[in-house]
Number of protein chains: 2
Amino acid sequence: MQGLMMQYPLTTNTILEYGNRVFHHKRIITHLPDGTRRVCTFGDLYRRCKQLANALRHTLGVQPGDVVGTFAWNHGPHVELYYGISGIGAVCHTINVRLSPQQIEYSINHSEDKVIFVDATLVPLLEKIAPLAETVRHYVILNAPADFTTTLEPILHYEELLAEQPDEFEWPELDENTACGMCYTSGTTGLPKGVLYSHRSTYLHAMAIMSPNAGNLSSRDTALLIVPQFHVMAWGYPYVCLLAGANMVLPSSNLQPAALIRILQEEQVTRANGVPTIWLGIYEELKNNPPAEPLALEEYVVGGSALPASLIEAFERDFGIRGVHAWGMTETSPLGTLSRLQPRHESLPPKDQLAVRAKQGIPFPGVEIRIVSDEGTVLPWDGKTMGELQVRGAWTISAYFKTANQESFTDDGWFRTGDVSTIDEAGYMEIKDRTKDLIKSGGEWISSVALESALMAHPRVKEAAVIAIPDQKWIERPLAAVVFHDRRQAATKEELMDFLARDFVSYQIPHDYVFLDEVPKTSVGKFNKKELRRRYAEEELI
Amino acid sequence: MQGLMMQYPLTTNTILEYGNRVFHHKRIITHLPDGTRRVCTFGDLYRRCKQLANALRHTLGVQPGDVVGTFAWNHGPHVELYYGISGIGAVCHTINVRLSPQQIEYSINHSEDKVIFVDATLVPLLEKIAPLAETVRHYVILNAPADFTTTLEPILHYEELLAEQPDEFEWPELDENTACGMCYTSGTTGLPKGVLYSHRSTYLHAMAIMSPNAGNLSSRDTALLIVPQFHVMAWGYPYVCLLAGANMVLPSSNLQPAALIRILQEEQVTRANGVPTIWLGIYEELKNNPPAEPLALEEYVVGGSALPASLIEAFERDFGIRGVHAWGMTETSPLGTLSRLQPRHESLPPKDQLAVRAKQGIPFPGVEIRIVSDEGTVLPWDGKTMGELQVRGAWTISAYFKTANQESFTDDGWFRTGDVSTIDEAGYMEIKDRTKDLIKSGGEWISSVALESALMAHPRVKEAAVIAIPDQKWIERPLAAVVFHDRRQAATKEELMDFLARDFVSYQIPHDYVFLDEVPKTSVGKFNKKELRRRYAEEELI
């Protein structure tokens, strides 16, 4: 028997309409790199999204199901693009500006972007790729200065495009399972893979983040979105803020610690999100230049990599700001778990409480986690047993976009994360290792396999194995173990770096090298990365 | 294009599994009327729900889609019934024990209850109705004392029934639109009408209540559910607590102020819900017998009727406990709006802040509200214009159960609440009047139409019109305006009350009567209740 309740699809349009009706005075504040501060209300956002919807449909010819790319930092127009593109039933593909040119080109062609909205400051990067973009019919320039020129064509200017549109638009009735957003994850192999979010998954993810056990956002809050909008939709915060009625502060490319602290102060920010490298930088800057008044910031959510417990502790001790550890992946929208203390932890000594907070935490309602042995046995939640972390839930992928990848899913329908973790008796998950060949540096994935292939393409290199080593600022950096065909005809570190620069952007290129006679091998002849990590990833760097 | 996200149905089983996995140590604490305190964990709940599921399927022969009745106060087994019954795809019909015997009989037969789970203390009431119950095959007795006897048959005892069942049970895969719960609303006409909740609506309602702008519940909280479980599923709190990891405290029939205060103290309750009459009683008791230590209670959600602003103020001033006003109906699951101050109100003088808090508040995400004129025009949100409140959303009914009631819905798909309200520029809705002939007394609906029909069945009564008048304790009470055929052959107030006692339970019977020569009429000859309210509902009572 069916319930007799209204059909009410969970869509981004519902979120936008809600934000406009109930919180239309709330603000979206953008700090542009030239120091300009732009403010628009949720009411303005609503009107501009409707103008954008008209432009997409009528000027740019975007149809439901089309993919529209964005190549941009965090700012008001980028939020408008989120809602405007998905609002008409098209898909907002937030292109990661930090991928290599080859990866960017691949993701544009693979997703079949029909239009790309690009920041004027990022145009030089896109100009190199545009000649290879097969499906793009229009480029629309965001935040262009007066003297702007480009070789991209055909181009339109965002503000001019909007200005000529009416702000009346009837949103189409969308099935909640319609795709609304797309991100490419560069991590797991050489080729980026597309993850296609639905309206429903986006809505449910945002509702879960809003709750007190999770991001704890309300209409009393002002949230700074440091996580780039091209990184898994800024962890869903552009949706959460409209549901919660929280002011949204967007730093564009002002990601230097001093700039972020100035914004935190100026906007009286109470909530923020970011990767560990960001919080390390902010902590150091606050230590070096203590602010005259305490920040309004109450807590920050940190994820993408593990934040050292010592930093969680120091931030709270020195500045009274709570770090909340979270875990997720592009494939999980991203937030899957989050760590807060519960009453059960109150009687623990401080160091044990800190150890709980340094874990990746408990799953959100709507997310299920388990750990599984190599043999496929589901393992106990005892805080000791390690296994591959597997996830299922309302905002976990069921497949990659146009990519068969059955090895990422179990036969019984769970997503295989590639992380190795424990789960304790209280449900707190802790990442222990990674089963896949990945390095996460400053919040960005680097594929060790791709680096190895590139290095082994060098005429003098016989073998190359790349592992992650700990780094105080970037959390992880790649280290390359290289074997030459002939030791007497070795390449230098500098030569190898130059060689890699042809295919990789600078942060992806290893700065650390060890030259060996042979890469250690496993019994089946594969590179034994465990042995390499044992040798070089534990403070034994040259 | 569809998103590539997992299908993950939003069901009560998902909530139960989550509560068990992540918060299995959290507690459900029942205070029984004999003073017994029973504690079970969410882990115990889970195992007992599986035992119950086995009993329902195998011993009681309950099939998916069957309706199973409960006739019970708030306690652990009643929570088990919520999850156990809906878990197998059956429907949990929480029979309102405060309806008249005729209404109870009607709701049992109309919903076709196959089994009724009944509190031993409520058995005497059900024994009178049972001979007329056409579909009930089993009665299962809850919380029975050792010397329990009954004329109900066939009977089983809940604990014995569970004890013989295994605690392994595989939940069926349910479509999220499957019906999971049913309540009858007695208000709108003489006959109660059934509202059939779905798993999806129940889940989404609970997620919304959990959020900081709403009920603000987390794993730090202990919640006292004063709202009866037979009143719109205790406002969804049995679901919210499992999602939030909040301890759940259940007072059974201990609803006297002193008993509730003792429970608040003993269990260190931080959150609670209840109707105004309850909070009035608790306030007075706290004033008369001030507690030695402040209560842990931080805030209470109050709804069902308007709580006077003066009480909101006094509670906070005298005891530091925040009253949060909410509005809803059986037809809206129930919670639709809730009033908290926002930063925009901070600069208001205290009396204006109080006025905001005394409103019914802003809608939850997932709920849309509007006000509409008699002519069908959608009215502005200016805080002054009054119109019929209409609602749509993810947990609003689309139809009554087996009852055509097209007048309750607009042509464009909104539910007509029958309340008259304003909505201010900030989205705060305030109930101003009621378009339907209803009285809400101590949280229960009384139908004025039903009372009028009954009174006019008295041989001496010619006309009878019943209106609501204000009452300090019960918020509203019915007043009957009566015209006799012959003034010289009038009935007394006592005779009329005795006459009504044949069809109504005591709280439904008016204690206030005015005897008139004629009931004032509108231009079309209907009873002019506006005129009666003007005369008698504004402190002019005899």
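A polar contact is taken here as a pair of N or O atoms within 3.5 Å; within protein, one atom must be able to donate a hydrogen and the other to accept it, and residues adjacent in sequence count only if both atoms are side-chain atoms. The structure is a predicted model, in which local features need pLDDT of at least 70 and side-chain atom pairs count only at pLDDT 80 or more, while totals for chains, interfaces and linings use all residues. Residues are numbered from 1 along each chain as its sequence is written, chains are lettered from A and ligands numbered from 1 in the order in which they are written, and side-chain values use heavy atoms, with hydrogens and water left out.

With that rule in hand, the interface of chain B and chain A holds 26 residue pairs in polar contact, both residues being at pLDDT 80 or more. Several elements of chain B each supply at least two residues to the side that touches chain A, including α1 (12-23), β9 (193-198) and β18 (387-393); helices (H or I, at least four residues) and strands (E, at least two) are DSSP runs, numbered from the N terminus. Helix α7(B) gives the most to this side, with 7 residues. By class, the side of chain B that touches chain A has 41 nonpolar, 22 polar and 10 charged residues, where Ala, Val, Leu, Ile, Met, Phe, Trp, Tyr, Cys and Pro count as nonpolar, Asp, Glu, Lys and Arg as charged, and the others, Gly among them, as polar.

Each chain brings 73 residues to the contact (heavy atoms within 4.5 Å). Chain B and chain A bury about 5900 Å² between them, and 60% of this lies on carbon and sulfur atoms; buried area is the accessible area (1.4 Å probe) that two parts lose on being put together, summed over both. Met1(B), Met5(B) and Met6(B) supply 15% of the area that chain B buries against chain A, more than any other three residues. The two chains also share 2 salt bridges, each defined by a side-chain nitrogen of Lys or Arg within 4 Å of a carboxyl oxygen of Asp or Glu. Glu176(A) forms a salt bridge with Arg200(B), with the closest N and O atoms 2.7 Å apart.

Within chain A, the domain assignment gives domain 1 (12-255) and domain 2 (439-537), the bounds coming from an automatic or database domain assignment. Their C-alpha centres lie 35 Å apart, and the contact takes 14 residues from domain 1 and 10 residues from domain 2. About 790 Å² is buried between these domains, with carbon and sulfur atoms giving 45%. The rule finds 1 salt bridge across this interface; the side chains of Glu444(A) and Arg98(A) meet in a salt bridge at 3.1 Å, N to O.

Chain A also contains an open, mixed sheet of 9 strands in the order β2-β1-β11-β10-β12-β13-β14-β15-β16, two strands being paired if DSSP finds at least two bridges between them. Strands β2 (37-41) and β16 (362-363) of chain A stand at the edges with a single partner each, so one side of each is left without a neighbour in the sheet. Strand β15 (335-339) of chain A runs antiparallel to β16(A), joined to it by 2 bridges, and Thr337(A) stands opposite Pro363(A) in β16(A).

In the loop between β14 (322-328) and β15 of chain A lies Pro334(A), and the peptide bond from Ser333(A) to Pro334(A) is cis, with omega near 5 degrees.
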